[in-house]
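I opened the notebook to record what I looked up in one structure.

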Amino acid sequence: VEHQRAHAVSEKCQLEDQLFQLRKTRRKVIQHQIQDRYLSDWFNVAIRELARASGFEPTARWIAKRLIKKVDLARLQRSVDFLLEHGFIRKVGRNFASAEPVIGSSDEIASAVIRNYHRQMIDLARESIANLSLADRELGAVTFFLSPTRVRELKQRLKEFRIALNEEFGSDEAPRGGDVY
């Protein structure tokens with residue numbers, strides 16, 4: 001409305017710039033909302049990875065058979081619909097694929113969504129101790145005395161290790177009979 005009322009070209013240009021910035025900000029907010037929804041449930045991430053499996057079917061029943069933890073079929077189907085709608089998984093010919101080989105989030109951002117995702121992953125690990133054989137899981141711990149001046153170095157090494165694991169195994173070709181780990 002202000003743009004239509006403006007008479008000077010400079011005023012119109014300034015209003016157009018403000019509108020452009022608002023649209024840019026809105027796109028970023030929407031992208032963050034989508035990423036937050038993606039990370040809000042652990043099975044969104046698992047389904048995205050399952051999409052790389054040979055014979056993947058984007059149905060709640062097919063997915064439920066492959067998840068160790070039981071999830072309501074309606075929630076699984078909403079997840080599949082969300083992942084397809086926002087391009088996390090896509091149809092490629094008669095098959096499906098994940099849109100990006102690796103998706104990550106910053107480990108330095110104090111996000112409630114990311115903290116909740118980490119809690120979900122810890123809960124899954126806790127359940128795996130009781131429900132999976134040693135051959136199907138790998139859990140370990142290490143305790144040591146460390147100077148506070150080296151904590152940043154330790155965190156950096158852990159981050160590099162996670163990145164290396166993701167690069168080496170996260171883009172592995174989808175073998176027949178593969179699973180999500």
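**Entry 1: the model**

I am working from a predicted model.

**Entry 2: salt bridges**

I searched the whole structure for salt bridges and got six. I looked up Asp-41 and Arg-75, whose side chains meet in a salt bridge at 2.8 Å, N to O. I noted that this pair links distant parts of the chain, 34 residues apart. Asp-41 is in the loop between helix H2 (9–39) and H3, while Arg-75 is in helix H5. I have Arg-75 down as partly exposed, because its relative accessibility is 34%.

Next I looked up Lys-69, which forms a salt bridge with Glu-127, and the closest N and O atoms are 2.9 Å apart. Lys-69 counts as partly exposed at 31% relative accessibility, and Glu-127 counts as partly exposed at 29%.

I also looked up Arg-150, which forms a salt bridge with Glu-153, with 3.0 Å between the closest N and O atoms. Arg-150 is partly exposed, with a relative accessible area of 42%. Glu-153 is partly exposed too, at 37% relative accessibility. I then noted a network: salt bridges that share partners join Arg-48, Glu-49 and Arg-52.

**Entry 3: aromatic rings**

How many aromatic pairs does a search of the whole structure find? I got five. I took down the geometry of Phe-56 and Phe-96: the ring centres are 5.5 Å apart and the planes are at 70°, so I recorded the pair as edge-to-face. The cut-off behind that label is a plane angle over 60 degrees. Phe-56 sits in the loop between helix H3 (42–50) and helix H4 (60–66), and Phe-96 sits in strand E2 (residues 95–98). I noted that the pair links distant parts of the chain, 40 residues apart. Are these two residues, Phe-56 and Phe-96, buried or exposed? I found Phe-56 buried, and Phe-96 buried as well.

I also found a cluster, in which ring pairs link Tyr-38, Phe-82 and Phe-88.

I looked up Trp-62 for a charge over its ring. The charged end of Arg-66 sits there, 3.7 Å from the ring centre.

**Entry 4: Ser-79**

I located Ser-79 in helix H5 (residues 73–85). Why does Ser-79 count as buried? Its relative accessibility is 3%, and the cut-off for buried is under 20%. I listed its contacts, leaving out residues up to four places away in sequence: Ser-79 touches Phe-43, Asn-44 and Ile-47.

**Entry 5: a nonpolar patch**

Which residues form a nonpolar patch on the surface? I wrote down Val-142, Phe-144, Leu-154 and Leu-158. Together they have about 380 Å² of accessible area. I looked up one of them, Phe-144, and placed it in the loop between helix H6 (112–131) and helix H7 (151–169). Phe-144 counts as partly exposed because its relative accessibility is 46%.

Notes. Residues are numbered from 1 along each chain as its sequence is written. This is a predicted model: local features need pLDDT of at least 70, side-chain atom pairs count only at pLDDT 80 or more; totals for chains, interfaces and linings use all residues. Side-chain values use heavy atoms; hydrogens and water are left out. Helices (H or I, at least four residues) and strands (E, at least two) are DSSP runs, numbered from the N terminus. Buried means under 20% relative accessible area, exposed over 50%, partly exposed in between (1.4 Å probe, protein chains only). Contact means heavy atoms within 4.5 Å. Patches are made of residues with over 30% relative accessible area and no salt bridge: like charges are joined within 9 Å, nonpolar side chains (Val, Leu, Ile, Met, Phe, Trp, Tyr) within 5 Å. Accessible areas come from the Shrake-Rupley method with a 1.4 Å probe; for residues, only the protein chains shown count as cover. A salt bridge is a side-chain nitrogen of Lys or Arg within 4 Å of a carboxyl oxygen of Asp or Glu. Rings of Phe, Tyr and Trp (its six-membered ring) pair if their centres lie within 6.5 Å; planes under 30 degrees apart count as stacked, over 60 as edge-to-face and the rest as tilted. A charge sits over a ring if NZ of Lys or CZ of Arg is within 6 Å of the ring centre and within 35 degrees of the ring normal.
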